[in-house]
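I opened a new page today for a structure I had not looked at before. Here is what I looked up, entry by entry.

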Amino acid sequence: MHDNARPESDGDKATDEFGIPSVMPMPMQEDINGAGVVGVYDLVCVGFGPASLAIAVAIHDKGISPRVLYLERQQEFKWHGGMLLPDARMQISFLKDLATLRDPRSHFTFLNYLHSKNRLVAFTNLSTFLPFRVEYNDYLTWCASHFDEYVRYGHETLSITPCLVEGGRVQSWDILSREVTTDKKTIVRARHIVIAVGGKPKIPTALSDPSPDSPIVHSSYYSHTIPRMLADKHRKCHVAIVGGGQSAAEIFDHLQSSFGNVSVSLYTGDSALRPSDDSPFVNEIFDPDRVDEFYDLPQGAQQDLLHRNKATNYGVVRPELLDRLYELMYHQRLHEPVESKWQYKIVPRREVVGHDKQSDGRTRLKLRNTLNGSTSLSESMFDKVIVATGYVRNAHEAMLDSTRNLLETGEFDTGRDYKVRTVTDSVTASYLYSQ
């Protein structure tokens with residue numbers, strides 16, 4: 001990427017690195033927010049996490065130089081910063097990095113990162129395909145640092161509006177963003193857009209608490225808030241965890257191994273914590289050549305396949321972590337046969353359906369027995385409740401609200417190439433990715 005962050009000027013040729021004709025240059029114009037169009041690009045990526053970073057790497061490796069801009073709400077690159085726990089490992093092979101399967105000779109492979117950090121030999125001695133998550137975040141950050149001049153950190157995208165030309169053709173898009181620290185609004189224009197903003201923390205309605213002193217914390221903020229609260233080793237605390245997946249189990253493990261002053265109760269509506277399935281035959285569903293096969297299936301068959309393979313990733317825990325947690329529970333049983341006296345508890349078949357916040361800021365959970373439907377209150381009052389219930393992936397809907405009249409089905413359905421389906425071919429490309 002040589003000059004790809006440079007907006008087009010009136011003297012530039014109207015070329016399109018992505019093979020779609022254009023009639024650039026386009027005039028600058030003001031909008032109702034008072035933010036002028038300050039640049040025109042071939043491609044703007046909304047969000048700069050792993051998905052957009054992989055695009056940046058692919059563009060670099062192909063040796064092309066379109067005008068590209070990346071807009072990222074965070075002030076710096078960080079991948080799941082709230083869950084970078086010291087002992088947490090990746091759940092997929094490092095070979096599925098940003099480049100290896102596409103081009104093993106790329107500068108941006110995980111192995112080349114290790115080589116550049118002088119850790120390749122030492123990492124080889126670990127005999128693992130699963131790096132620590134903090135190391136993988138450092139790898140992604142190292143890759144992202146190569147593209148700093150093309151990224152606007154601290155910019156939250158507010159809306160994306162189609163620009164119409166004669167005949168009703170959508171020739172480009174105006175992307176309105178807000179600088180987080182100053183609230184200054186800016187518009188950039190792009191021929192093509194990629195939306196890869198990830199998910200928003202999902203907190204069940206039963207645990208909603210907008211108050212500034214809320215004891216409810218989503219798992220994505222765990223490492224930013226909870227360890228600081230527990231820093232006083234002499235202060236006894238009670239923490240509840242809601243959820244039965246990898247994040248819930250990792251937080252349970254981290255609390256019991258790092259803070260002797262905390263009592264922890266994990267509640268899951270399932271009958272047990274369940275293992276993830278990354279066996280080789282099952283793992284083939286993620287092979288690149290399976291994408292076409294999946295896409296060509298009828299919708300009912302697609303949903304059935306997703307349901308049958310849910311254990312690869314959703315609401316499950318890696319087996320080695322389950323083994324470690326079970327050993328912890330066994331040690332407690334060895335020294336204290338009365339479960340009600342245990343410091344660390346895993347409570348199955350209990351769905352959290354409400355909470356009762358006390359005057360001192362602590363809260364008691366309302367629990368529903370998933371076997372018989374009866375309800376009860378938790379035995380303990382909790383200083384904090386950590387909600388590990390996943391994410392909602394609909395941020396693109398508000399951004400693209402002005403485009404609904406262009407959609408083929410009224411929903412943001414995508415084709416095999418991830419391009420949003422529109423009612424006509426007279427729309428330049430917009431793509432949706434999840435990360």
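**Around helix 4**

I began with helix 4, whose buried residues are covered by, among others, helix 1, helix 2, helix 3 (120–124), strand 3 and helix 6 (246–258). Contact here is heavy atoms within 4.5 Å, and buried is under 20% relative accessible area, exposed over 50%, partly exposed in between (1.4 Å probe, protein chains only). Helices (H or I, at least four residues) and strands (E, at least two) are DSSP runs, numbered from the N terminus.

I noted that this is a predicted model, where local features need pLDDT of at least 70 and side-chain atom pairs count only at pLDDT 80 or more, while totals for chains, interfaces and linings use all residues. Residues are numbered from 1 along each chain as its sequence is written, and side-chain values use heavy atoms, with hydrogens and water left out.

I listed the buried residues of helix 4, including Tyr136, Tyr139, Leu140 and Trp142.

**The cores**

Of its 34 residues, Phe48, Leu53, Tyr70 and Tyr139 touch the most other members. Helix 4 (133–145) and strand 1 (37–46) are among the elements that each supply at least two residues of this core. Apart from it I found another core of 30 residues, among them Val239 and Leu321.

**Lys185**

Last, I checked Lys185, which lies in strand 6 (residues 185–195). Lys185 is partly exposed, at 30% relative accessible area. Its C-alpha atom is separated by 9.0 Å from that of His155, 30 residues apart along the chain.

Notes
Core = buried A, V, L, I, M, F, W, Y, C linked by side-chain atoms within 4.5 Å.
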